[in-house]
Amino acid sequence: MLPKLSLVLGGASSGKSDYAENMILNTGLAPVYIATAQVFDDEMAAKVTRHKKSRGDGWHTIEEPIAVAETLMQMDEGRAVLLDCATLWLTNIILGKHDLAQHTSDLIAAMRNCKSPVVVVSNEVGQGIVPDNALSRQFRNAQGTLNQHIAAKADLVVAVMAGLPMILKGRAS
């Protein structure tokens with residue numbers, strides 16, 4: 001049984017998305033994929049194509065870069081929702097100059113109030129060097145804060161490194 005809210009953290013290409021997808025597929029519920037990526041170049045287009053291909057058929061995909069809270073609140077029971085990823089959502093909020101505090105508050109509330117279990121994929125970006133510019137430092141700090149807020153509300157928190165999961169909070173079933 002999947003907890004109400006799970007957070008899967010990891011670095012870039014750590015295996016976190018694959019792990020989260022398997023969590024969703026193992027529920028037997030109808031899998032829903034909320035994709036937050038926006039495609040602005042060929043590299044991102046190729047990454048999105050790889051993710052879609054590796055997921056395979058059977059997923060209902062919703063592309064939503066900003067209004068994730070509203071999307072979560074529209075979910076019915078009988079589904080399991082994968083939000084991939086909170087990092088790209090945060091990037092969209094910051095670069096779009098949206099109200100970060102309000103959007104974050106709305107997102108956290110929607111995650112907890114969604115009728116379906118939710119698994120959130122997010123990057124751990126705070127273990128590297130201090131960025132050399134203000135925007136990058138703002139992003140790193142906002143990502144760390146967002147991850148902390150989600151982790152505080154989550155029933156299960158898993159860190160993935162080199163494809164290997166480490167349970168930080170809760171119990172994986």
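Residues are numbered from 1 along each chain as its sequence is written, and side-chain values use heavy atoms, with hydrogens and water left out. Because the model is predicted, local features need pLDDT of at least 70 and side-chain atom pairs count only at pLDDT 80 or more, whereas totals for chains, interfaces and linings use all residues.

**Overall architecture**

The chain contains six helices and seven strands; helices (H or I, at least four residues) and strands (E, at least two) are DSSP runs numbered from the N terminus. From the N terminus on, the order of elements is β-α-β-α-β-α-β-α-α-β-α-β-β. The radius of gyration is 15 Å, close to the 16 Å that the globule rule gives for 173 residues, so the chain is as compact as a globular protein of that length. This radius is taken over C-alpha atoms, and the rule is 2.2 Å times the number of residues to the power 0.38. Along its principal axes the C-alpha trace spans about 45 × 35 × 35 Å.

Of the 173 residues, 41% count as buried; buried means under 20% relative accessible area, exposed over 50%, and partly exposed in between, with a 1.4 Å probe and protein chains only. Among contacts (heavy atoms within 4.5 Å) with a separation of 6 or more, 76% come from residues 24 or more positions apart.

**Strand S1 and its partners**

Strand S1 covers residues 5-10, and six of its six residues are buried. Leu5, Leu7 and Leu9 point one way from the strand, while Ser6, Val8 and Gly10 point the other way. S1 runs parallel to strand S5 (residues 118-123), to which six bridges join it; two strands pair if DSSP finds at least two bridges between them. Within this pairing, serine 6 stands opposite valine 119. Five bridges join S1 to strand S6 (residues 156-161), again in parallel, and glycine 10 has valine 160 as its bridge partner there.

Asparagine 147 touches Leu7, Leu9, Ser122, Asn123 and Glu124, residues up to four places away in sequence not being counted. Its side chain makes a polar contact of 2.6 Å with the side chain of serine 122. A polar contact is a pair of N or O atoms within 3.5 Å; within protein, one must be able to donate a hydrogen and the other to accept it, and residues adjacent in sequence count only if both atoms are side-chain atoms.

**Helix H2**

The 14 residues of helix H2 (residues 42-55) should span 20 Å at 1.5 Å a residue, and the end C-alpha atoms are 20 Å apart, which agrees. The expected span is 1.5 Å times one less than the number of residues. Aspartate 41 caps the N-terminal end, with a side-chain oxygen 3.3 Å from the backbone nitrogen of glutamate 43. After H2 comes glycine 56, with a positive phi near 80°.

**Individual residues**

| Residue | Relative accessible area | Class |
|---|---|---|
| Asparagine 147 | 5% | buried |
| Threonine 71 | 9% | buried |
| Serine 13 | 80% | exposed |
| Lysine 97 | 73% | exposed |

Serine 13 lies in the loop between S1 and helix H1 (16-25), and its phi is near 55°, a positive value in a residue other than glycine. Lysine 97, in the loop between H4 and helix H5 (100-113), also has a positive phi near 55°. A cis peptide bond, with omega about 10°, joins aspartate 84 and cysteine 85.
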